[in-house]
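Hello,

Here is the structure I promised to pass on to you. Please have a look at it, and my notes follow below.

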Amino acid sequence: MENTQIKLFEDKKVRTVWDKEAEEWYFSVVDVIAVLTDSDRPRKYWNDLKKKLIAEGSELSDKIGQLKMPSSDGKMYKTDCMTTEQLFRLIQSIPSPKAEPFKLWMAQVAKERLDEMQDPEQGIQRALAEYRALGYSENWINQRLKSIEIRKDLTDEWKKHGLKEGVQFATLTDIIYKTWAGKTAKEYKEFKGLKKENLRDNMTNKELVLNMLAELSTKEISESSVPQSFSDHIQNAVDGATIAKNARIELEQKTGKKVVTPLNARDGIGLTEDAKASVLLEDEEER
C-alpha cells in the first residue's frame, strides 16, 4: 500500500489509498457517502446502510475492508474502504443525483493513476491541479513540484546503490533534516503543530528551497563519491545538508529572521488570499 491521498470531487475531500501490488484504489466509504448524500451524519448513514446490506445477505457486506486513514484530528484510524468496482455496486443502493457524475469521477481517478505509471509527467500535472484546488499559490506550487522532482532524483540515487525504502530512507532523511534545520522529521512536524500531515506541504518557500538544496547536494555528492556502505551514505547526507545549513545560517544573519518556523498550511502558508479567508472561516466555525 502507498500513503493515503486526498482526492477532490466538487471541492469535497475523499480519502484514498493506492495498492501498488493490486494496482487498485481504495476509497473511504464514509467520504463517498458524504459526497453523494450531503448528509451531516455520513457515518450514521453508512452504519444504517451497512446493517441493511448485512441483513439482506448482500455479498458486498463480505467485501468491506478497513485501512488506516487520517481523521480530522490528524490521527490514523481504521476506516471502511472499498475498491472502485465495489463502490460502483454500493452506489446503486444510494439514491443520489450525484451518483453518475461520481462514478465517472472514480473511473477517471483510476485511469489517471494507470496513465501516470506509463507517463510520470501526468502525475506532476495531477499534483499541480490538486494543489491549486486546495488553494496554494502558484509560486508555492512551483517550488513544491520542484522539490518533488529533486526528492525523486535523490531516492533514485539511493535505490541505485541498493538502499531500501523504509528504515534506510527514513534514517537518511532524518539526518538531512537534523543537519540543515536542526530537527528530525518528527521534531519538525511537532514544531509546526502537525500530526499525520505531509511536512513538505507545510513548509514555507524558504524551507522548501533549503531542503531542496540539502537533497540536491546530497545526490550530487553521492554521484561523485560512489558510496560503498550505508555509513558512506550517512556522511554524504551530512555533507549535503551542511551546505544548506550554512546557507540557512548566513540568510538568518543577513535578515535577522528565522528560516525554520512553526507556520503551516493551516496558517495560510503558501495559500492564495481566497484560501486564507476560507481557512480563517473554518477556524471561526470550529470555535
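A salt bridge here is a side-chain nitrogen of Lys or Arg within 4 Å of a carboxyl oxygen of Asp or Glu. This is a predicted model, in which local features need pLDDT of at least 70, side-chain atom pairs count only at pLDDT 80 or more, and totals for chains, interfaces and linings use all residues. Residues are numbered from 1 along each chain as its sequence is written, and side-chain values use heavy atoms, with hydrogens and water left out.

The structure holds 17 salt bridges. One of them joins the side chains of Glu215 and Arg200 (2.9 Å, N to O). Glu215 lies in helix 9 and Arg200 in the loop between helix 8 (185-191) and helix 9, so the bridge ties together parts 15 residues apart in sequence. (Helices, H or I with at least four residues, and strands, E with at least two, are DSSP runs numbered from the N terminus.)

Glu215 also meets Arg151 in a salt bridge (2.9 Å, N to O), and Arg151, Arg200 and Glu215 are linked in a network. Glu215 is buried, with a relative accessible area of 1%, and Arg200 counts as buried at 10%. Buried means under 20% relative accessible area, exposed over 50% and partly exposed in between, using a 1.4 Å probe and protein chains only.

Elsewhere, Arg15 and Asp31 form a salt bridge through their side chains (2.8 Å, N to O). Arg15 is in strand 2 (residues 12-19) and Asp31 in helix 1, 16 residues apart. Both Arg15 and Asp31 are buried.

Best wishes
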